[in-house]
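Reader: I would like to go through the contact between the two parts of this chain. Could you take me through it?

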Amino acid sequence: MSVWVFIEGTDSGPGESALEVLSKAASHGETVAIYLGEASEQVLAELGRYGASAVYVLTGGGGLPAAAVSITLAGLIEQESPEAVLFAQTYASRDVAGRLAARINRPVISNAVDVAFESGYRVTSELFGGTKLVETSFTAQGPALVLVRPKSFAAEPRGGTVGRVEEHRLPEAGHAGSAQVLGSKVEQSEGPQLSSAKVIISGGRGLGGAEAYSLIEEVAEPLGAATGATRAIVDAGWVPYSKQVGQTGKTVKPEVYIACGVSGAMQHLVGMKDSKRIVAINKDPEAPIFSVADLGIVGDVHNVLPKLAEVLREH
């Protein structure tokens, strides 16, 4: 019996969120990585280092392969009967997990923040924007299907190697796989990335306008920090979606998170509440963000941030 982890390949190899899940699964025992993409020797070595004892490489499928992937996984599950299939909670993985659940008639638990590898599998997941934790046990015939939130586990190298590699060509998926990608655009980004930054400074609607986001960047530069944003200012077009932190954006867990003009809506808190230190700057002393802050500054960001940037540049 084994645990499988579905991993989407990127231009740079396995995604960080998937390696977090793989590392957690490997703590249970035999772990198979289901890798979608071109698996070079470097990729296989990395999967082995994070705990994969075997890798099933899925090739083909075009730009939207979820339908074909679910067909292949359903067939492999029927042959090998894994105990569980875990997914990092990305857009593509949600698509695959939902289609797979329908094909094999099994439930899928999303928003998982912990998985206990015990009899029946016990999953802790977040509901209502992370304000409630629910434990769910799988007691019926497997496999358990689980979508895991990013940053729920640490990606810890285990120093192993892959013992077995199998290649599986994805089949034609008929009408379900007929959608095509006609074009794509890679968004260019500079500076530290949200997913790995130790310090993040984010802006919210309290900045007042798009031009005021430069205050966030002025403080971020001397700190070597990544810059983030709330959904409100992303939807308003002040900054690109790649900067969004929250329930429908990125989940982050830096050493320090500085929230500037951020009210603290539930949807934003769920993406940053596990930061080790939270600093909040808001002129409203009743703003919900202060309920999670380790340090709160009641003041106008237009006055506080320029002075903070000046002090940081001097030191």
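Author: What follows concerns the domains and the interface between them. This is a predicted model, in which local features need pLDDT of at least 70, side-chain atom pairs count only at pLDDT 80 or more, and totals for chains, interfaces and linings use all residues. Residues are numbered from 1 along each chain as its sequence is written, and side-chain values use heavy atoms, with hydrogens and water left out.

Reader: Where are the domain bounds of the protein chain?

Author: Domain 1 covers 3–177 and domain 2 covers 199–314; such bounds come from an automatic or database domain assignment.

Reader: And how much area do domain 1 and domain 2 bury between them?

Author: About 780 Å², of which 48% is on carbon and sulfur atoms. Buried area is the accessible area (1.4 Å probe) that two parts lose on being put together, summed over both. On the side of domain 1, Gly-129, Arg-149 and Lys-151 lose the most, together 57% of what that side buries.

Reader: Which side chains meet in a salt bridge?

Author: Those of Glu-126 and Lys-273, at 3.0 Å, N to O. The term requires a side-chain nitrogen of Lys or Arg within 4 Å of a carboxyl oxygen of Asp or Glu. The count between domain 1 and domain 2 is one.

Reader: Turning to Lys-151, is this residue buried or exposed?

Author: Lys-151 is buried, at a relative accessible area of 18%; buried means under 20%, exposed over 50% and partly exposed in between (1.4 Å probe, protein chains only).

Reader: What does the side chain of Lys-151 reach?

Author: The side chain of Lys-151 reaches the backbone oxygen of Ser-195 at 2.5 Å.

Key: A polar contact is a pair of N or O atoms within 3.5 Å; within protein, one must be able to donate a hydrogen and the other to accept it, and residues adjacent in sequence count only if both atoms are side-chain atoms.
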